[in-house]
Structures are given as structure tokens and as C-alpha cells.
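Q: I have a chain open and would like to talk it through. Could we begin with the overall picture and then turn to particular residues?

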Amino acid sequence: MLTGKPAYSEELQRLGIVSEIVPPERLESRALEFAKYISSMPPLPLQAMKQAIDGLAQGAFDDGKMSIALEQAFDGQQIVKLIEAMRPSE
């Protein structure tokens with residue numbers, strides 16, 4: 001982005017900007033799989049992460065508020081749910 005040079009999917013994946021590349025014919029089904037996975041995760045940690053991303057995007061990241069939000073989000077039950085949600089389905 002800073003150089004203005006075009007970047008291709010393989011290069012973006014190598015840099016860690018893109019985590020997965022799928023062929024066009026699998027894009028919709030993979031997007032739905034990903035959405036289902038995200039929606040199955042505990043909502044509070046996701047909300048805390050969204051707040052962090054929004055804060056960074058707006059230049060208003062508050063480390064203290066984020067720490068409090070994460071502590072509240074990751075109580076014992078939420079941690080268990082998060083770990084379970086991250087396990088690959090068989």
C-alpha cells in the first residue's frame with residue numbers, strides 16, 4: 001500500500017496480509033464456512049477485538065480500556081468457549 005506497487009495474492013499471503021487463497025469457484029462456500037466459524041465463537045472476545053480494530057482505525061486506541069474489555073471478555077467460561085470454538089471440526 002505504501003509503495004503503490006500492485007501486489008498479488010501469493011505475495012500478500014507470504015507477507016501475512018492474506019491468510020488463505022481460494023479459487024474463485026470456492027470463494028462463496030469458503031466465505032460462508034468462515035462466517036459460520038466466526039459466528040460460533042463467543043461474542044465478548046469478538047466484540048473486544050472489534051473495538052480494538054475500530055480504535056486503531058480511528059487513531060483512538062486506548063490500551064487501558066482495551067485491557068478492561070479483554071479481562072471482562074475472557075472470564076473462565078468465555079475462555080473455554082473460545083478454545084472449543086477454535087478447535088478444527090472433524
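Q: Where is confidence lowest, and where is it highest?
A: Confidence is lowest in helix α5, residues 76-86, with a mean of 61. The highest mean belongs to α2, at 90. Where pLDDT is low, the predicted coordinates should not be read in detail.

Q: Understood. How many helices and strands does the chain have?
A: There are five helices and zero strands. In sequence order the pattern is α-α-α-α-α.

Q: What share of the residues is buried?
A: Of the 90 residues in the chain, 13% are buried.

Q: Let us look at α3. What is its span from first C-alpha to last?
A: Helix α3 covers residues 43-57, which is 15 residues, and spans 21 Å between its first and last C-alpha atoms. That is close to the 21 Å expected at 1.5 Å a residue.

Q: Which residues of α3 are buried?
A: The buried residues in α3 are Pro-45, Ala-48, Ala-52 and Gly-55.

Q: Why are they said to line one face of the helix?
A: Viewed down the axis of α3, the buried residues fall within an arc of 90 degrees, so they line one face.

Q: Which residues are exposed on the other side?
A: Pro-43, Lys-50 and Ala-57 are exposed on the other side of α3.

Q: What follows α3?
A: Gly-59 follows α3, and its phi is positive, near 70 degrees.

Q: Changing topic: how many salt bridges are there?
A: The count comes to four salt bridges. One of them joins Glu-20 and Arg-30, with the closest N and O atoms 2.8 Å apart. This pair links distant parts of the chain: Glu-20 is in the loop between α1 (9-14) and α2 (24-39), whereas Arg-30 is in helix α2, 10 residues apart.

Q: What other partner does Arg-30 have?
A: Arg-30 also meets Glu-33 in a salt bridge, at 3.1 Å from N to O. Both residues lie in helix α2, three residues apart, which is about one turn of the helix.

Q: And which residue pairs with Arg-26?
A: Arg-26 forms a salt bridge with Glu-33, and the closest N and O atoms are 3.7 Å apart.

Q: How accessible are Arg-26, Arg-30 and Glu-33?
A: Arg-26 is partly exposed at 34% relative accessibility. Arg-30 has a relative accessible area of 22% and is partly exposed. Glu-33 is partly exposed as well, at 38%.

Q: Why does Arg-30 not count as buried?
A: Buried means under 20% relative accessible area, and Arg-30 has 22%, so Arg-30 counts as partly exposed.

Q: Back to Glu-20, then. What does it touch beyond its sequence neighbours?
A: Leaving out residues up to four places away in sequence, Glu-20 touches Gln-13 and Arg-30. Glu-20 is partly exposed, with a relative accessible area of 38%. The C-alpha atoms of Glu-20 and Ser-9 are separated by 8.9 Å, and these residues are 11 apart along the chain.

Q: Where is Val-18 found?
A: Val-18 is found in the loop between α1 and α2. At 24% relative accessibility, Val-18 is partly exposed.

Q: Which residues is Val-18 in contact with?
A: Setting aside neighbours within four places in sequence, Val-18 is in contact with Leu-12 and Gln-13. Gln-13 is also touched by Glu-20, which lies in the loop between α1 and α2.

Methods
Residues numbered from 1 in each chain as written. Predicted model: local features only at pLDDT ≥ 70, side-chain atom pairs only at ≥ 80, totals over all residues. Heavy atoms only, no water. Helix = DSSP H or I, 4+ residues; strand = E, 2+ residues; numbered from the N terminus. Buried < 20%, exposed > 50% of the residue type's maximum accessible area, 1.4 Å probe, protein only. Expected span 1.5 Å × (residues − 1). Arc of directions from axis to C-beta. Salt bridge = Lys/Arg side-chain N within 4 Å of Asp/Glu carboxyl O. pLDDT = per-residue confidence, 0-100. Contact = heavy atoms within 4.5 Å.
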